[in-house]
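Visitor: I would like to learn how to read contacts between aromatic rings in a protein model. Please take me through an example.

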Amino acid sequence: SEMCIRDSTCPGESEARDFPSSVAWAVTIPGVAVPSGQPTVFQNYAFFAIPDRIFYIIDLSPNIPDPQNRIVYSETLPAGVSGTIPVVWDDERQVLFAFLAADNGILYAKKISITPQGISVSPAWEFATVSPLFSSPAVDPDSKVVYFAGTDATLYALDMITGSLLWKFTNERRARFISSPVVVGGWVYIVDEQGRVYALSR
């Protein structure tokens, strides 16, 4: 029999039902509202950036009558942010850290305080590289190290709290890193644009 392309003309597909529930809420984000990466969720908040260079924090709590009031924080950044924004809770300081990789070559760290009175955001530190950053950082919360890679073919490891450089690795082929690093079991894995996979002990 002929292969059926999966659409409403296939046998049985016309019986598919619409989504059976109602949408709980929807928020309109001003500007070019296509997130540059998937949102990160921590407790009742979502963190993401859009190509208009704006960093947003959205309140996900169930009992907010006006959906537009869910936008609890927005900040225009000096440059566009690529990828997902990882957030990590620091028990010692009782603050949340968020890390934003920007296309001006700078990794921005933000300190976010969440209290019953609301959210406050302040700069923690910045780390500048010589080339654009087009991928998401990765964080090891146990060692408090943030890893990120740039188009300068270099993977960086920074102290999450201070932003100081712990080490860096530049691949010998000078192939750009445009994918995000992954931290698993004491190892950092990353792929360069020529398809070589690197495993580095953290």
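Predicted model: local features only at pLDDT ≥ 70, side-chain atom pairs only at ≥ 80, totals over all residues.

Guide: Residues are numbered from 1 along each chain as its sequence is written, and side-chain values use heavy atoms, with hydrogens and water left out.

Visitor: How many aromatic pairs does the structure hold?

Guide: Rings of Phe, Tyr and Trp (its six-membered ring) pair if their centres lie within 6.5 Å; planes under 30 degrees apart are stacked, over 60 edge-to-face, and the rest tilted. The structure holds 11 such pairs. One of them joins Y147 and W167, which counts as tilted because the planes are at 50°, with the centres 6.0 Å apart.

Visitor: Where in the chain do Y147 and W167 lie?

Guide: Strands are DSSP runs (E, at least two residues), numbered from the N terminus. Y147 is in strand 10 (residues 145-149) and W167 in strand 12 (residues 165-170), so the pair links distant parts of the chain, 20 residues apart.

Visitor: Which class does the pair of F148 and Y156 fall into?

Guide: Their planes are at 15°, so F148 and Y156 are stacked, with ring centres 5.0 Å apart.

Visitor: Is Y147 buried or exposed?

Guide: Buried means under 20% relative accessible area, exposed over 50%, and partly exposed in between (1.4 Å probe, protein chains only). Y147 is buried at 1%, while W167 is partly exposed at 23%. F148 is buried at 1%, and Y156 is buried at 7%.

Visitor: What sits over the ring of W25?

Guide: A charge sits over a ring if NZ of Lys or CZ of Arg is within 6 Å of the ring centre and within 35 degrees of the ring normal. Here the charged end of R70 lies over the W25 ring, 3.9 Å from its centre.

Terms used. Helix = DSSP H or I, 4+ residues; strand = E, 2+ residues; numbered from the N terminus.
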